[in-house]
Amino acid sequence: MRIMKETVTAEPLSSAPGAEKYPALDLANSAIALPGGQYVDLLGTPGGAEQWLVERGLAPADTGMMEMCATLLRSLREQVRALLAAHVAGLPAPAGALTAVNDALTRAPAASLLRWDPTRGLYREASHPVTQIVEHALAVLAANAADLLTGPDAERLTACGSTPCNRYLLRHGRRHWCSIRCGDRARAARAYARRRPTTD
């Protein structure tokens, strides 16, 4: 596995086409390969993971995300990426990725637990509030990934056609790039290849 230097871009990339409808696509694209071997992981820290969830309405601000929960989110991302990659390549879905997504779909508690306290009496409480928030977010994202992969938009799913970009998008017409930046880079590479003299 190639290790890329993590960096922070001054100008954040816009969401790839389709991410507004499918947050799971945005999840898959939250680890971004950039030119020059640089890498941005929007979920790389608990704070970054929490901000990502808050911006998508999947967690309240000041959730208090811990590394364990951020790790769960990054793990689901890798499984969703594996399913997207297999779909785009026309390969069977990896069994481990299917298991992980199904686990996320079924793990979220449907209700708070019933508790007893001598002072308060009976009351309802999540076993661990932050964990419950994260498990709910994971279930929502897993369900969204399943909807994307089995719905009518699945045939439009493609990988960005600009090296070294590793993002996925829903194709519109002939567009195969996740952003204007990637489209410009791909066109520049093609123009350079045409101008370069061929040598045997």
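## Crossing of α2 and α3

In this predicted model, helices α2 and α3 cross in a left-handed sense (left-handed if the near helix is turned anticlockwise from the far one by less than a right angle, right-handed if clockwise). The two pack at an angle of about 60 degrees, and their axes are 9 Å apart; axes are lines fitted to C-alpha atoms, for helices over the stretch in contact, and angles run from 0 to 180 degrees between N-to-C directions. α2 and α3 are therefore oblique to each other, since angles under 35 degrees count as roughly parallel, over 145 as roughly antiparallel, 65 to 115 as roughly perpendicular and the rest as oblique. Pro46, Ala49, Trp52 and Leu53 of α2 are in contact with Glu67, Ala70 and Leu73 of α3 (contact: heavy atoms within 4.5 Å).

Within α2, the buried residues are Gly48, Ala49, Glu50, Trp52 and Leu53; buried means under 20% relative accessible area, exposed over 50% and partly exposed in between, with a 1.4 Å probe and protein chains only. Their cover includes α1, α3 and α5. Just after α2, Gly57 has a positive phi of about 70 degrees.

## Crossing of α3 and α4

α3 also passes α4 in a left-handed crossing. Here the axes come within 8 Å and cross at roughly 130 degrees, which makes α3 oblique to α4. On the α3 side the contact is made by Leu72, Leu76, Gln79, Val80, Ala82 and Leu83. α4 contributes Gly96, Ala97, Leu98, Ala100, Val101, Ala104 and Arg107.

## Nonpolar cores

The largest nonpolar core has 34 residues, of which Leu73 and Leu84 touch the most other members. Such a core is a set of buried Ala, Val, Leu, Ile, Met, Phe, Trp, Tyr and Cys residues joined through side-chain atoms within 4.5 Å. Two or more residues each come from α1 (23–28), α2 (46–55), α3 (67–89), α4 (95–107), α5 (129–150) and β7 (168–170). α5 gives the largest share, nine residues.

Leaving aside neighbours within four places in sequence, Leu73 is in contact with Leu27, Leu43, Ala49, Trp52, Leu53, Leu138 and Leu141. Another core, of seven residues, lies apart from the largest one and has Ala16, Cys160, Leu169 and Cys182 among its members.

## Strand pairs

β2 (residues 31–34) and β3 (residues 38–41) pair antiparallel over four bridges; pairing requires that DSSP finds at least two bridges between the strands. Leu34 stands opposite Gln38 in β3. The hairpin has three residues between the strands, and Gly36 takes a positive phi near 80 degrees. Both faces of β2 are covered, with Ala31 and Ala33 buried on one side and Ile32 and Leu34 buried on the other. In a regular strand the side chains alternate between the two faces of the sheet.

β4 (residues 113–117) and β5 (residues 121–125) run antiparallel and are joined by five bridges. These strands form a hairpin with three residues between them. Leu114 stands opposite Arg124 in β5.

## Overall arrangement

The protein has six helices and seven strands, in the order β-α-β-β-α-α-α-β-β-α-β-β-α from the N terminus on. Helices (H or I, at least four residues) and strands (E, at least two) are DSSP runs, numbered from the N terminus. Buried residues make up 39% of the 200 residues. Of the contacts with a separation of 6 or more, 53% are between residues 24 or more positions apart.

## Basis of the values

Residues are numbered from 1 along each chain as its sequence is written, and side-chain values use heavy atoms, with hydrogens and water left out. Local features need pLDDT of at least 70 and side-chain atom pairs count only at pLDDT 80 or more, whereas totals for chains, interfaces and linings use all residues.
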